[in-house]
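Thanks for coming. I will go through one structure today and keep it short. Please have a look at it first.

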Amino acid sequence: MNAIIEKINQALADAERRAGEAADAAAVEQLRIDYLGRNGLFPALSREMGQVPPEERRETGCAFNAGRGKIQELIENAAARLKAAGSGSGDAIDLTLPGRRWKAGHKHPITMLADECVAVFRRMGFIVAEGPEIEDIYHNFDALNTPADHPSRDPQDTFYFADGRILRTQTSPVQIRVMESHQPPVRIVAPGRVFRRDTPDATHGMNFHQIEGLYVDRGVSMADLKSVLQTFATEMYGPKVKIRLRPHFFPFTEPSVEYDFSCIMCGGKGCPVCKHSGWIEIAGAGMVDPAVFANVGYDPEKWTGFAFGMGIERLAMLRYRIPDLRLLYENDVRFLEQF
Ligand code: DAH
């Protein structure tokens, strides 16, 4: 064995030890520089190769090539080991970087508002009732005392299925379903989706939400209705909001009213939102018509009640000052994450 082969064997032993001990990328790089770099051991040995006697050349050349390959391998393995351990230079974890924030979702503004309405009514002793979105004509119209020729039944306004059922146009049929299955006293609110064949614009949609209320007991009066609505207005929009009732007509209530809140934007002074009237129309209400009681088998001589129904989108638009209802349904995250 000549001196060159000895040096190669020695170098292999050293390099193997150093590769095993290398704790960072710099140590691995130093290994490469020492053995394979321009001024490293192997290029130097290569220059010495000329002095090797011809009969030893073959053996020395083999040892040289094998040794250089082995060192290359040691370096690559050491680098791979460091990378896998996560401390390779390129992918090192930088503990000073700020953490990534998880974006948690939240309830849709319509759901938030519906929940809030429900919470207010629960505090007044109402419980939540639900009914189907696919309704029959009896519950949506007939039982609610709606005349056979009432325009709201028109297929221009209502979505009909081939079997004659419909998408409910209001939450009022829940009143009927509750009274059919429960004896008075009844005190419920029913939030839910309703559907109408409207052309969508800033204040109308084909699919929107209402919250219905029904209170049946002995001796319930219009004054009770008014106080419940006033309490609701105060709880939702603050102590300054007033309400007013205006005479109106609904088939299922008699007398019927529409009720307004004093404008939440301008405090009643008049602004574009309330069209300078100082009032914003919120919904319909009234005293349950005796014909409706008769349809569900309640004795109208014994029981009286009030009902109301309002649009949740409208309440949300006022609460969050949303100018266009369609924003609520585009589900643009930049809009939704503001709530
Ligand atoms: N259902 C009516 C509508 O969609 C709203 C309504 C008016 C509900 C008067 C009621 C009521 O319960 O008493 O326009």
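Let me start with R17, which has 45% relative accessibility and therefore counts as partly exposed. Buried means under 20% relative accessible area, exposed over 50%, and partly exposed in between, with a 1.4 Å probe and protein chains only. This is a predicted model, where local features need pLDDT of at least 70, side-chain atom pairs count only at pLDDT 80 or more, and totals for chains, interfaces and linings use all residues. Residues are numbered from 1 along each chain as its sequence is written, and side-chain values use heavy atoms, with hydrogens and water left out.

R17 forms a salt bridge with E21, and their closest N and O atoms are 3.6 Å apart. A salt bridge here is a side-chain nitrogen of Lys or Arg within 4 Å of a carboxyl oxygen of Asp or Glu. E21 is exposed, because its relative accessibility is 54%.

Next, which residue forms a salt bridge with R246? E258 does, with 3.1 Å between the closest N and O atoms. E258 counts as buried, at 12% relative accessibility, while R246 is partly exposed at 25%. R244 and D260 join these two in a network of salt bridges. Over the whole structure, a search finds 17 salt bridges.

Side chains of opposite charge can pair when their charged atoms come close.

Last, the ligand. The shell around the ligand has 5 nonpolar, 8 polar and 2 charged residues. Nonpolar covers Ala, Val, Leu, Ile, Met, Phe, Trp, Tyr, Cys and Pro; charged covers Asp, Glu, Lys and Arg; the others, Gly among them, are polar.
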